[in-house]
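Hi everyone, thanks for making time. Let me put the model up on the screen, and then we'll walk through a few of its features together.

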Amino acid sequence: MIDNYLLEELVVFSKTQTLAKTAEKLMVTQPTVTRGMQKLEEELGVTLFDRQPNKITLTKTGQLAAQQAKKLLAANQDFVTQIRNFDQTQQTIKIGTIAPGPLPIAEHLKQDFNVAVDRHFVLRQDVNSALLDHQYSLIFSDQEIQNDQIESLFIGKEHLMVNLDQFMYLANKQRVTFKELRGLSFVVLSDIGPWKQIIQDNIPDAKFLYQAQRDAMTEITKYSNFPYFSTNVTDWETHQPKRPDNDRVRIPITDAAATMTFYVSYLKSRRAQLRPVLQELSTLWPAESTR
């Protein structure tokens, strides 16, 4: 069994090309690196280095060994990460999401389950790998996954709404379209997952005043008449009525793009363990009558 530190020395040397830089990078002495390289050659039974009076370089075999060593180190690290992630998921149900809507519902689960909610969003393309690597126990996303290892449960739909000043002409309507919102300026949270691209694509001539902090956005909407977006799921969090405050009217947006279908995806091997959580999520998600 070859020690990882010997492989690491080889990989670093292949990058730095000198003993001095390798020692500096690894924060060890140059003689330590030299001894390590000799030991690696002895254990492998091959010559990895071409040693000249004032220069040392990798042989062809050494170059291949460095490439394979890099892969081995990455695999070892992946092994450690997956085992630690798996152990964490056995103790705590870690929940991820691609968008902010499900966050308050996931947080509500803490009342009855040992749940940890990650407020950093998962990218759509990373849902599969994040589950397989045991980074999360389950993930809310807008894609249904059905394969040998992962399955998805339909959980509900999130509908986008716009909150308008009551004196605006559009505030008298029961429903609006994205096209009718053209030219307006909106206050929007910066991190809203896929919704950000949706509103930008469907209202291309609007201005979006992005706010990094929720508190800042709340203050701006409180003391200005800028429109802002909410959903049936965010309303569930605040339990706000259709008229959220004295000067706003909440109106549904009817375009198909204003509705996002959510699924909860998880490993099939954890179905039995997660069943009570999945049942609770299905109960908590807002009914379709809010549309």
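Let's begin with the largest nonpolar core, which has 61 residues; L138, F140, V162, L181, F186, F229 and I253 touch the most other members. By nonpolar core I mean a set of buried Ala, Val, Leu, Ile, Met, Phe, Trp, Tyr and Cys residues joined through side-chain atoms within 4.5 Å, and buried is under 20% relative accessible area with a 1.4 Å probe, protein chains only. There is also a second, separate core of 17 residues, with F13, L40, F49 and I56 among them.

A quick word on provenance: this is a predicted model, local features need pLDDT of at least 70, side-chain atom pairs count only at pLDDT 80 or more, and totals for chains, interfaces and linings use all residues. Numbering runs from 1 along each chain as its sequence is written, and side-chain values use heavy atoms, with hydrogens and water left out.

Now, the helices, which are DSSP runs of H or I, at least four residues. The axes of helix 1 (residues 4-16) and helix 3 (residues 30-44), lines fitted to C-alpha atoms over the stretch in contact, come within 9 Å and cross at roughly 110° on a scale from 0 to 180 degrees between N-to-C directions. Helix 1 and helix 3 are therefore roughly perpendicular, the label for 65 to 115 degrees. Who meets whom, counting heavy atoms within 4.5 Å as contact? Y5, L6, E9, L10 and F13 in helix 1 meet T32, V33, G36, M37, K39, L40 and E43 in helix 3.

Last stop, Q211, in strand 8 (residues 207-211): at 18% relative accessibility, Q211 counts as buried. Thanks, all!

Notes:
Helix = DSSP H or I, 4+ residues; strand = E, 2+ residues; numbered from the N terminus. Parallel < 35°, antiparallel > 145°, perpendicular 65-115°, else oblique. Contact = heavy atoms within 4.5 Å. Buried < 20%, exposed > 50% of the residue type's maximum accessible area, 1.4 Å probe, protein only.
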